[in-house]
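Hello,

I am handing over the structure below. My notes on it follow.

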Amino acid sequence: ASYSHGMKQKLALISAFVHDPKILILDEPCHGLDEENRRMILHLLDLIAENKTSTLLHVTHDMNEVLKCEKHILEMEKK
């Protein structure tokens, strides 16, 4: 079966979480997604964070993608 980019992202996230990792590293999980899939991925990340069994390390260039559950934010600026 051929899946859209958004569906592949959702499946990868769900697949990683099924194994109940201690840390889940997310490098631009919404990159290239349309708004609907972007909202879905961010919602899934919120659900994972609510579970509190995995630590999320979320890398993004879009500050609009920062989640409420993210307590520590490192913002890097090019000088």
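Strand β2 (residues 55–59) contributes the most to the lining of the largest pocket, giving five residues. Please keep in mind throughout that this is a predicted model.

The volume of that largest pocket comes to about 710 Å³. It is lined by 19 residues, and those closest to its centre are H58, V59, H72, I73 and L74. Sorted by class, the lining of the largest pocket consists of ten nonpolar, six polar and three charged residues.

Next, the helices. Two packed helices are described by the angle between their axes and the distance between the axes. Here the pair is helix α1 (residues 5–18) and helix α2 (residues 35–51), whose axes come within 10 Å and cross at roughly 10°. Angles under 35 degrees count as roughly parallel, so α1 is roughly parallel to α2. On the α1 side, the contact is made by G6, Q9, K10, L13, I14 and F17. On the α2 side, N37, M40, I41, L44, L45, I48 and N51 take part. By class, the residues of this contact of α1 with α2 are eight nonpolar, four polar and one charged.

C30 sits in the loop between β1 (23–27) and α2. Is C30 buried or exposed? Its relative accessibility is 4%, and because buried means under 20%, C30 counts as buried. Which residues does C30 touch, leaving aside its neighbours within four places in sequence? They are Q9, R38, I41, L42 and E65. Of these, Q9 and I41 are also listed in the contact of α1 with α2. For a distance along this part of the chain, C30 and E50 are 20 residues apart in sequence and 19 Å apart in space, C-alpha to C-alpha.

D20 lies in the loop between α1 and β1. With a relative accessible area of 44%, D20 is partly exposed, because that class covers values between 20% and 50%. Setting aside neighbours within four places in sequence, D20 is in contact with T53 and S54. The C-alpha atom of D20 is separated by 21 Å from that of M7, and the two residues are 13 apart along the chain.

In brief, the notes cover a largest pocket of about 710 Å³, a roughly parallel pair, α1 and α2, a buried C30 and a partly exposed D20.

Regards

Methods:
Residues numbered from 1 in each chain as written. Predicted model: local features only at pLDDT ≥ 70, side-chain atom pairs only at ≥ 80, totals over all residues. Heavy atoms only, no water. Axes fitted to C-alpha atoms, helices over the stretch in contact; angles between N-to-C directions. Helix = DSSP H or I, 4+ residues; strand = E, 2+ residues; numbered from the N terminus. Parallel < 35°, antiparallel > 145°, perpendicular 65-115°, else oblique. Contact = heavy atoms within 4.5 Å. Nonpolar A, V, L, I, M, F, W, Y, C, P; charged D, E, K, R; others polar. 1 Å grid on protein atoms, 1.4 Å probe; cavity = no way out; pocket = protein on both sides within 12 Å on 5 of 7 lines; lining within 4 Å. Points joined across faces, edges and corners; volume = space filled by probe spheres on them. Buried < 20%, exposed > 50% of the residue type's maximum accessible area, 1.4 Å probe, protein only.
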